[in-house]
Amino acid sequence: MEVRQWRHFDFMLFLSSLLLAGIGIALVYSASHSSILPDTPVRDLPATRQFGFVLVGLLFMALVMTFDYRTFGQIAPRLYVLALAILVAVLFLGTSIYGARRWIDIGPITVEPSEVAKVLMIIVLAKFFSDRKEQMRRFRTILISLVLLAGPIVLIYLEPHFSTVLVFVAIWLAMVVMAGARLTHLGLLALPAAVGAPLAYFVVLHDYMRERLSSFINPAADPLGVGYNALQAEISIGSGGFFGKGFAQGTQSQLHFLRVQSSDFIFSVLGEELGFVGAAVVLTLFLVLLLRGLRVAAVARDDFGRLVAVGVVTMVLFQFFVNVGVNVRLLPATGMPLPLVSQGGSSVVMLFVALGILQNIAMRQRGLEF
Amino acid sequence: MFNRVPRWRVKKRRNIDEETLLRVKFIVFRVVVVAAFLSLLGQVWHLQVVEGTTYQKKAEYNRLRVSPLSAKRGIIYDRGGNILVRNVPSFTVAVVPADLSKEQQPQVAARLGKLLGMPADKVTALIDERRTQQFLFAPVPIQAEVPPEVAFTVRERLSELPGVTVLVEPMRYYPEGELMSHILGYVGRISAEEYDRLKDSGYDLNDELGKMGVEATYEKALRGKPGREQVEVNANGLKLQTIKAWDTTPGQNLVLSIDLDLQRKMMQYLKEGMEDSHFAAAAAMDPRTGEVLATVSIPSYDNNIFSGSVKQDKLAALLKDPWRPLFNYTISGTFPSGSIFKIVTGSAALQEGVAVPGTEIVSTGQISIANQYDPSIVYTFKDWAALGRLDFYKAIAQSSDVYFYYLAGGFRDFKGLGIERLARYAREFGLGGKTGIDLPGEVEGLVPDAIWKDRVKGEPWMTGDTYNMGIGQGDLLVTPIQMLNMVQAVANRGVIRKPQVVRQVVDAEGRAVQSLQDRGMRKIKVSPGNLDIVAEGMRQAVEWGTATLAKIPGVTVAGKTGTAEWGPIDPATGYRPYHGWFVGFAPFDNPEIAIVVFVEKGKGALVATPIAGKILDYYFHREQPVAKGQ
């Protein structure tokens, strides 16, 4: 790594991600401090662990920045095999929690392979599309990319983890459009999807997914059941008002009316305790992060770099929009962590890896901006 | 086919196009990002700033529960201080639907059902019923009167039974059972209609309230003031801390005017004396105060079956009983009074100057009158015997019907009272209206007159109707409590009060908060002198006339018998069945007790009178008399 490359290190991007991760640690502390045993040692506190994960993430980020990002493109086939391998492994070795096999225990830590696979697939797809720049206008290329995508998607669907499947589809869609696919071809793909949607509702969706959809429409039907969280999240955020109830003072979160509060519903804890002010700060940090990410994509020196950046930005954007959208009841309940903020080691580490790749791309930019 | 490049595309220069296209794509992407940001920010603004207050209330509603603290219900004593009702603890296992998720419900229902020994379906049905009613925070009672050991087991296992609570509620226990049930009544779970009416007076969905007897009449005093406590709960419904509490005020206690020993003897003698009659009633009152000393209605019931969970099988048996044990004949049963009504006819005649004590009439055993409209029809009105020449005293003592036909309707030159005046005096003595006794379910009876007959039967009032009424027959209907009120007015020479079974309302420390004596006192428009005359006639009735069976040693009793014909002639005996009546008071010179005895269809006064005698004898000659009167 040459010193002059540091001129292009995107400080705003780094700062916004660091602030989001910092706010995340604080919120994890608030969301968990009323439910942990009083004599828990500090190093076992969820917030401490999250802090550790952020440090590890930063370390990985630095590590990732030392290679030229194009190295990743060269080993893309191997990364694809690795992605498939860990996703197969989790189906057989994974720990089942709430009826889903999504985690593998490795010693003291738990790894969520689908989080890793997300970043790997961004590289794989970027490599695939950038290598076929001239064939992008062929429908065949699109179909092959879909076959490539199908492997991880099917494996993740089997866990099951439907929301991550959606993340993959969103990443693919953004990348394929940026890579130059024709909109008519995508329209052609959308056609059977539209026809198949009602079928999919009954065949592809698991019962729990259908229940979530119907509870989005009428959450009060069984206030303690599926609709419960959506309802309580809405109440939590709404009751926060403009300035919030104060850090670690939220009645909804501290008295556990709000569930899974340190992961999927951490935005509700934020909204309740820090109010509109806190929510607006976090939303703005995401806006900065995403726009800076897009700038990286725009200045990337090659198609591969641009597509990787687009993939990373899409991944963050989609998860951010779905997570907050669910919290504020714009969208039906879907388990989606808030990038960088929600509790979860794999997610935060892989996000810093992805941001490291973004910095890598930025630092090796060609200096010409679209 | 997809590889073919369309013709319109060929014309474009792709290099320039691609750069522009990428630029456009980035612009679109930025727009998407900003749009996502703005839509989320807008929704957050809407929830937190526009609707913030609404959600703050919802969050408070989540966190804060107001749970009622029921006040200790008042105790009831008889006038001698005997406890007539006690509060005993009763365990109720209940479920708060708001704290039990639907997913967990089948499991919890199964576990709870096993512990309580009831089918899980039934548990589920009870909870689901409440879920449809939407009152999710009020506990649904699953089983009441759970044995203590089962209640403790459930309590120990609450951690695996989300939403389940064990409520400890006081339950009413009536040690005297059926002896006092018509007076005390019972409490029961609030009904849907009662809840609608009372929810603003601090009643809760699971509250109990007095349904009958003094439990109902004095509900407000007995209930006290329930407190409330506002508690902070977590999502499992566990109480974390009390935020605010409003203290309970224990219910006030009642001291009845009932004399438990007299009540017991009255029940016993009435039961023994009524022979094979199906129902009977008796009551005694202190004519100086209007306090009811005893009141019995047979058949009776054990009011403990309504405590806690209603014993449905026993209740069903009560409801099926054709002689209606839940019915208080003393205040709710209406019957012709028979000859005891002559007290009214006699008093009216004296007061109106129709008769004086010396007025002599000869009873030949009957009188006959022609129809007012068709003289060819002749009606005959019989006396019970040819009693010969009678003055006023003898007429009362021997209960001559002919004498009172004269006084009521007149005969030939003798000018009678006429129906209008007779009915007026009947009402003056409290007939045809409620006495106002402090027990629920009292009825008015009926004092017929010309207007009533015209309206109801469409027939004109005849002199014969006046005759019948003069001796307490015809359409006249009275309740035993009305007859008691009438006779006590003779005993105290003209004062009518609302009879009362409750003497005092006292607070928890025993201080009287409300004395109920002399409530609704009224003087009737018959002079004490005239009532002296009626009383003297009644004294003679017991001394040597129709009521000698009520005579007791050492105390002079005054009384009047009644034998009211009721229904068709019984083919087995050749007689019409008679309701038997006795009303009286003692001691004659300074009355301290008035009494009424009523026995359904039987041998009439021959049955009722000795029962009254025994009761009075007990009252005056018992071993350890409790404090009587003031």
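Visitor: At what angle do the axes of helix H4 and helix H5 of chain A cross?
Guide: This is a predicted model. In chain A, helix H4 covers residues 76-93 and helix H5 covers residues 113-131. Their axes come within 9 Å, and the crossing angle is roughly 155°.

Visitor: Is H4(A) roughly parallel or roughly antiparallel to H5(A)?
Guide: The axes cross at roughly 155°. Angles over 145 degrees count as roughly antiparallel. Therefore H4(A) and H5(A) are roughly antiparallel.

Visitor: How many residues of the contact of H4(A) with H5(A) are nonpolar?
Guide: The contact residues of H4(A) include Leu79(A), Ile86(A) and Val90(A), and those of H5(A) include Val116(A), Leu120(A) and Lys127(A). One residue of the contact is polar and one is charged. The number of nonpolar residues is 16.

Visitor: Which residue does a cis peptide bond join to Glu159(A)?
Guide: The omega angle of this bond is about -5°. The residue asked for lies in the loop between helix H6 (139-158) and helix H7 (162-178) of chain A. It is Pro160(A).

Visitor: Is Ala248(A) buried, exposed or partly exposed?
Guide: Ala248(A) sits in the loop between helix H10 (226-240) and helix H11 (251-254) of chain A. Its phi is positive, about 60°, although Ala248(A) is not a glycine. A residue is buried with 20 or more other C-beta atoms within 10 Å and exposed with 12 or fewer. Ala248(A) has 16 C-beta neighbours inside 10 Å, so it counts as partly exposed.

Key: Residues numbered from 1 in each chain as written. Chains lettered and ligands numbered in written order. Predicted model: local features only at pLDDT ≥ 70, side-chain atom pairs only at ≥ 80, totals over all residues. Axes fitted to C-alpha atoms, helices over the stretch in contact; angles between N-to-C directions. Helix = DSSP H or I, 4+ residues; strand = E, 2+ residues; numbered from the N terminus. Parallel < 35°, antiparallel > 145°, perpendicular 65-115°, else oblique. Contact = placed C-beta atoms within 7 Å. Nonpolar A, V, L, I, M, F, W, Y, C, P; charged D, E, K, R; others polar.
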